[in-house]
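Subject: Structure handover

Hello,

The structure is below, followed by notes on what was found in it.

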Amino acid sequence: MAAAPPERRPDGAARAAALMSAARRITALTGAGISTDSGIPDFRGPQGVWTKDPAAAAMSTIGAYISDPEVRRRAWRHRLAHPAWGAGPNRGHAALVELERAGRLHGLVTQNIDGLHQAAGSDPALVLEIHGTMREAECLSCGLRTPMPEVLARVEAGEEDPPCPECGGIQKSATISFGQALRQDVLDASVAAARSCDLMLAVGTSLTVHPAAGLCDEAVENGARLVIVNAEPTPYDPMADAIVRDPIGEALPRLVAAALATPPRATPPGATPPAGPSGGGPDARPGEAPDGPPG
Ligand SMILES: [Zn+2]
């Protein structure tokens, strides 16, 4: 990433609000940070589950999951105990619903598997779960999808590693583990949402996991502004037009209020798009390992 020219340097919340009010087609990219207020831990941050417990990370590696029944038994126990089952959406999720209902949210790509955007009221057709969902189980042999609560009921009833009811194959949550490819249709739709927005709003994501983080490249290379709302620095900070470090539950409602306070203009003020796709810059690093949420 090249150094940002002066007019693109971040200068915080006020600038982010101004950019939001000018944007007509906002695509949001959300990560674990938006769900921590709902009581769901960040698996990757300084206090992350994986950081503290490497064995938990092993459950998210597809090879270990397939080859080791003990890994699967442990994974099912973790799924049963996952904090998301008792969690509800928070003010950050609600703010994005408000943005959507005002017609200003163009796409909602999430790295989260918890389903809380839909629980908050986001249109399921708008939500792109780039790392899958823990709300369904998927058979690794025949692809059968089953609502996760049905499978977890079998675990509670004593099946430690419940096989597929259709073919007897190994079941797993319908999430993307390390070593598994992302679903191409979801990835394609995410890239399209990034390329066709005029503002990319990255919320609660460390922007270290590809290809999700590369959606910021796709957006900026196609002329969009980049606003980052995250407590910690990210590798994309030098590319951002504005960075907000405030807690998401406060920052996001404020930004959405700013966006809705003024009707969108035809062209954002001072928005000279940066170089287009031919203007250089690294591509979105396809082929790098996807994230592996536990499951
Ligand atoms: Zn099956």
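C139 touches L144, C164, E166, C167, G169 and Q171, leaving out residues up to four places away in sequence; contact here requires C-beta atoms, placed from the backbone, to lie within 7 Å. This is a predicted model, in which local features need pLDDT of at least 70 and side-chain atom pairs count only at pLDDT 80 or more, while totals for chains, interfaces and linings use all residues. Residues are numbered from 1 along each chain as its sequence is written.

C139 belongs to strand β4 (residues 132-139); strands are DSSP runs of E with at least two residues, helices are runs of H or I with at least four, and both are numbered from the N terminus. C139 is buried because 20 other C-beta atoms lie within 10 Å (buried: 20 or more such atoms; exposed: 12 or fewer; partly exposed: in between; C-beta atoms placed from the backbone).

C142 sits in the loop between β4 and β5 (145-147). With 11 other C-beta atoms within 10 Å, C142 is exposed. Beyond four places in sequence, its contacts are C164, E166, C167 and G169.

An unreviewed UniProt entry places a "binding site" at C139, C142, C164 and C167. These span 29 residues in sequence, but no two of their C-alpha atoms are more than 8.5 Å apart, so they gather at one spot. UniProt positions follow the numbering used here, feature names are shortened, and annotations may be inferred rather than shown by experiment.

Regards

Key. Contact = placed C-beta atoms within 7 Å.
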